[in-house]
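Hello,

Here is the structure I promised to hand over. Have a look at it first, then read my notes below.

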Amino acid sequence: MHSPSELSRRQKRFGRIIKERRDELGLTQLQIGDLGGPSAPTIRKIEDGDAAISTTTLNKLDAPLRWLPGSAARTYAGGSPAVADPALSARHPGESVVAGPDSIRFEIADLTGLLATAGRLNDAVDKGTASDPQLVAAISELNRVVSTLSARYATTMLERNGGPGRVLHPLVEMAFAHLLEVPAEASDATELQERRYRRWLAGRSEDVDAATEGQFQARWLAANLATTASRNGEH
């Protein structure tokens, strides 16, 4: 859970990045809305660092700012955006970014977790207890579930763009840099393994032993075979 000061710093940072990108593209706040993004008043609040930003609003920012899907959400969480700009790709001859999936595996436990948390948040709002411990706990749980889903999307993107014999495109590496840091100790062994797998996909295998290397290789090959079959219309 972010403290009020941490949340304010995060919002200010995000607002600054949004304004710099909008200025870079030569767009007005009104034009952002015309291109399918949030309204001008909302953009103004975001850039001023005064807005509590919903997931829906974050998703609306990607297209008008010419970012790859999910970039605004990652940036708001502390990461960096990935630019969907042909001019940038041209600076790296022979390199391209494989697009992300249309969907990712969504566990029933994730859905029930989101529904339960949303219910707790709604109850707290109805009671007018914004500082209620139940609300704080619900937001913490919501952040955990959303982080899990974001990490799952990142893993799929890295499977498509990284792995043995591939040099990770700078845009992809930049977008998921915050998920490629040296794994810290984690009480959840599965999560720690996922962190190592993402690092391995990005060519950072210094903390992977031979047995784990074999497991990661098999998993990566299976993922790419599934992607190829999907593109060819196979079932």
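**What I found**

R66 sits in the loop that links α4 (55-62) to α5 (71-76). Helices here are DSSP runs of H or I with at least four residues, strands are runs of E with at least two, and numbering starts at the N terminus. The phi of R66 is near 60°, a positive value in a residue other than glycine. Most residues other than glycine have a negative phi. R66 counts as partly exposed because its relative accessibility is 44%. The cut-offs: buried is under 20% relative accessible area, exposed is over 50%, and partly exposed is in between, with a 1.4 Å probe and protein chains only.

A word on provenance. This is a predicted model, with residues numbered from 1 along each chain as its sequence is written. Local features need pLDDT of at least 70, side-chain atom pairs count only at pLDDT 80 or more, totals for chains, interfaces and linings use all residues, and side-chain values use heavy atoms, with hydrogens and water left out.

**The chain overall**

The protein chain has 11 helices and zero strands. Buried residues account for 34% of its 235 residues. The chain exposes about 13500 Å², and carbon and sulfur atoms supply 54% of that. Accessible areas come from the Shrake-Rupley method with a 1.4 Å probe; for residues, only the protein chains shown count as cover. Take the contacts between residues at least 6 apart in sequence: 56% of them join residues at least 24 apart. Contact means heavy atoms within 4.5 Å.

**Helix packing**

Start with α7 (residues 108-127) and α8 (residues 133-161). They pack at an angle of about 150°, and their axes are 9 Å apart. Axes are lines fitted to C-alpha atoms, for helices over the stretch in contact; angles run from 0 to 180 degrees between N-to-C directions. α7 and α8 are therefore roughly antiparallel to each other. The classes are: under 35 degrees roughly parallel, over 145 roughly antiparallel, 65 to 115 roughly perpendicular, and the rest oblique. On the α7 side, the contact includes D110, L114, R120 and L121. On the α8 side, L135, I139, L142 and V146 are among the residues involved. By class, the contact of α7 with α8 has 11 nonpolar, three polar and five charged residues. Nonpolar covers Ala, Val, Leu, Ile, Met, Phe, Trp, Tyr, Cys and Pro; charged covers Asp, Glu, Lys and Arg; the others, Gly among them, are polar.

α8 also packs with α10 (residues 189-201), at an angle of about 30° and with axes 9 Å apart. α8 and α10 are therefore roughly parallel to each other. A151, A154, T155, L158 and E159 of α8 meet E194, Y197, R198 and L201 of α10. That contact divides into five nonpolar, one polar and three charged residues.

G163 is in the loop between α8 and α9 (170-175). Is G163 buried or exposed? G163 counts as buried, because its relative accessibility is 7%. Leaving out residues up to four places away in sequence, G163 touches L158, L201 and W220. G163 and Y197 are 34 residues apart in sequence and 9.7 Å apart in space, C-alpha to C-alpha.

L179 lies in the loop between α9 and α10. L179 is partly exposed, at a relative accessible area of 22%. With residues up to four places away in sequence not counted, L179 touches A151, A154 and R198.

Best regards
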